[in-house]
Structure formats: structure tokens, C-alpha cells
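Subject: Structure handover

Hello,

Here is the structure for your files. My notes on it follow below.

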Amino acid sequence: MEKEWAEYYGVKHAIAVNSATSGLYCAAGAAGIGPGDEVIVSPYTMSASAAAVLVYNAIPVFADIEEDYFCLDPKSIEKKITPLTKAIVVVDIFGQPYDAENINEIARKNNLLVIEDAAQAPGAKYKGKFAGTLGDIGIYSLNYHKHIHTGEGGVVVTDNDELAERIRLIRNHAEAVVENKGYTSLINMLGFNYRMTEMEAAIAREQLKKLELLVRKRQENVNYISDQLDKIPCLKTAQIRPGCEHAFYVHALKYKQEIAGISREAYVSAVKAELMPIDLREKEGVNIGCGYVKPLYLQPIYQRQIVYGDKGCPFTCSYYSGHIDYTPGICPTCEKMHYDELITHEMIRPPMNNKDMDDVVEAFKKVWENRDELK
Ligand SMILES: *Cc1c(COP(=O)(O)O)cnc(C)c1O
């Protein structure tokens, strides 16, 4: 499975793990991240992208996102780099590759490692190159909610032999095997059990064969629905970065309250009331949301700075000489997207077809046409 994965993505090493979270932890460990280090992370991502930094007692520093593509903004990254910065965790959010050209250049200049969280972007491409292979280490997810899945699972990819070896060690109780392997650097060689099972690997081999088709189906669905949604004056479907192929984990829209005259929340809840939840996932309700996840730095562990025990570690670690800032307002674009403008939905997942999407468009249209009743 690992060999096939490496061939498919055109990388030297593919390392199977039991989740993308485990993969991110392996990557951060292999990168040598530790106490006193800062790592620049996107605030608009699933919690694990930043937790991988905390796990190694380092400090996540949140840079702002791009207004058009919602990935880390290179201009904001530059402002957040300090002598303590060790790496950047970029996220191909919603299935859109990060700005690899500019961010990789910043990383090279500042001698930083790029860890690419591609959990949402398997099969996406940046100038012909697969998302996940754009940084130094890339991570894919195989959890049930992703494009292809094995129930739970993940894969880490890299072209770097030394990083690959360290990732493999951390996956499998490093401290117990380093001696036998003659491995001498002990940094972060505290092991875990992040092994994928044979059964999941067998499923992953079959799933990988379907990836291209499933991504193409999402792209076709998005093309179909975008044309129609863009005719509704208060909606604007999100842009695709030039030169990229988007994998559309979710489909993003921007909402213009000044045109609709009603709040985004009122609009979206009326649309949801028109639609049905997906079969067998009824408890999740209709998959349309205002924004995505709350900006990470506004969540309790960052606001209260409690992670390990109750003494404030790693934030108050005596090896840390920097300055932590998690105050509301540090990433204004992220907050504007989350609290005002962004709508995300999943009505483009296979096996949804054009007829299903017509229902979705109809709901968005109906609420637009009757918006005065919601005022
Ligand atoms: C899903 C996801 C993860 C975690 O994936 P698991 O396999 O469930 O651990 C990490 N990062 C992002 C951006 C994700 O969407």
C-alpha cells in the first residue's frame, strides 16, 4: 500500500499511519520541533494541525488567511516569523492547495520546514503537482469523512530519507527500537503506536484507485452548482487559485449581507429548513454551515492557555522566550470570514447528482426571493 501510494503521488516515501492526526504528530516530531520553538499555523483549520505543535511543547503562532482562498497568507506569515520560528504548518483548506510558490520561498529564506496538512486535498494539484507533495512533509487523511477512506487512517509523504526514518520511528515506539536500528539522534524519539492495520491498508489500496474519479465528480458538481448559485445576487462562489485543481472537500461561498438585507445566519437556517439531511447521516443535519470551525486561537485551550497539567505548559515553558498573542482580532480576515462572510456546504459530494443539486439551488433561490419575509 505504501509503495503504491508513493508511486501515485510521485514521492520517495509514503508512511501509513492510523489517522492524519497521528501523521501530523509524526511530522512535527520528525521535524525536531520542541520546547521554546514557535511554529506558524493557520487558524482556520481542524484542531489537529495546531495540536501537533502543542504535543511537542512548542507554541502555535497563528498567521492570517487569504481573503480569496482561505489558506495561510504569505504576507501575514512574514510578519509572524521570529528567531524562534522553526516550521510552518500550511493547510490545503477545503481542498485548495496553499500558495506553495510564495510560502516555500519564505520558508527557504528563513530556513523553515514546511509541513503540509493535505487532509482535505487528496488529488488536488498546484501547477501540475499534487497537494501533499508541495512542502517537506505532507499528510493525508483516510477518515470516513474524507474523499477516500478506510474508516480511520492516514498517510505521511516525504522525499527526505532522514525525515522518513524519523516518522517511521515515532509511528512505532521509537524509544524501544532506536538502539537496534543504530539510530543515534534521540530528539523526539518518544514513540507512540500510530500503526495502520493490514485491513485498513488493503482497503486503502482499492480506495486510491477511485480517488481521481471521485475528485473529478466533485469538480463537475461544483461547476454545475456554482453557475447557478452565482446568479443569486447575495452569493459569490469562492475562487480557485490560478494554476490549481481544487479537490472540494467542501464548497465555499461568500455571503453579502448588504445585498440580502438579512443576516447570513437567518439566510442559511432558512435554506437548511428547505432541505433534507443526507441518508444515514441524519443526526448531522443539513450540511450547510456559517463559516467553518471557530478560529483556533479563540478556542478554550488557547484562550485559557491550559494544555499539559494546570501550570500553563507549554505556554509558560521557561525555555520559551517569545511573546504569545491569542487575543481576538489577531487574524482579522479569518474572523471576518468566519463570523460574517463565509458559507460552506457539502452538497457536492458523490453520489450527489445534478438533480440533487438543483434542489439545493432551488432552496438558495427560494430564500433569496422571499428574503423580505425574514426581515
Ligand atoms: C480531517 C482533518 C485532519 C484529521 O484527520 P484524521 O484522519 O481524522 O486524524 C487534520 N487536518 C485537517 C485539515 C482535516 O480536515
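Which helices each supply at least two residues of the lining of the largest pocket? Helix H8 (198-229) and H13 do. Helices (H or I, at least four residues) and strands (E, at least two) are DSSP runs, numbered from the N terminus.

First, the ground rules. This is a predicted model, where local features need pLDDT of at least 70, side-chain atom pairs count only at pLDDT 80 or more, and totals for chains, interfaces and linings use all residues. Residues are numbered from 1 along each chain as its sequence is written, and side-chain values use heavy atoms, with hydrogens and water left out.

**The pocket**

The largest pocket has a volume of about 560 Å³. A pocket is an open set of points on a 1 Å grid over the protein atoms alone, with protein on both sides within 12 Å along at least five of seven lines; lining residues have an atom within 4 Å of a point. Grid points are joined across faces, edges and corners, and a volume is the space filled by probe spheres set on the points. The lining has 20 residues. Pro277, Ile278, Asp279, Pro351 and Met352 lie nearest the centre of the pocket. H13 gives the most to this lining, with three residues. By class, eleven lining residues are nonpolar, two polar and seven charged. Here Ala, Val, Leu, Ile, Met, Phe, Trp, Tyr, Cys and Pro count as nonpolar, Asp, Glu, Lys and Arg as charged, and the others, Gly among them, as polar.

**The cavity**

A search of the whole structure finds one cavity of 30 Å³ or more. A cavity is a set of grid points where a 1.4 Å probe fits but cannot get out. The volume of the largest cavity is about 30 Å³. Its lining is made of Leu24, Ala28, Ile33, Ala52, Val53, Val89 and Ile115. That makes seven nonpolar residues, no polar and no charged. Helix H2 (20-30) and helix H3 (48-54) each supply at least two of the lining residues.

**The ligand**

A polar side-chain atom of threonine 21 is 2.5 Å from a ligand oxygen. A side-chain N or O atom of aspartate 117 lies 2.7 Å from a ligand nitrogen. At alanine 20, a backbone N or O atom is 2.8 Å from a ligand oxygen. The protein covers 93% of the 380 Å² of accessible area that the ligand has on its own (Shrake-Rupley method, 1.4 Å probe).

**The fold**

The protein has 13 helices and 14 strands. Its radius of gyration is 21 Å, close to the 21 Å that the globule rule gives for 375 residues, so the protein is as compact as a globular protein of that length. The radius is taken over C-alpha atoms, and the rule is 2.2 Å times the number of residues to the power 0.38. Along the principal axes, the C-alpha atoms fill a box of roughly 70 × 45 × 35 Å.

**Backbone points**

Most residues other than glycine have a negative phi, and most peptide bonds are trans. Histidine 173 has a positive phi of about 50 degrees. This histidine 173 sits in the loop between helix H6 (161-171) and helix H7 (174-181). The bond from cysteine 313 to proline 314 is cis, with omega near 5 degrees. Proline 314 is in the loop between helix H11 (300-304) and helix H12 (332-341). The bond from proline 350 to proline 351 is also cis, with omega near 10 degrees. Proline 351 lies in the loop between strand S14 (342-345) and helix H13 (354-369).

Best wishes

Note on methods. Polar contact = N/O pair within 3.5 Å; in protein donor to acceptor, adjacent residues only side chain to side chain.
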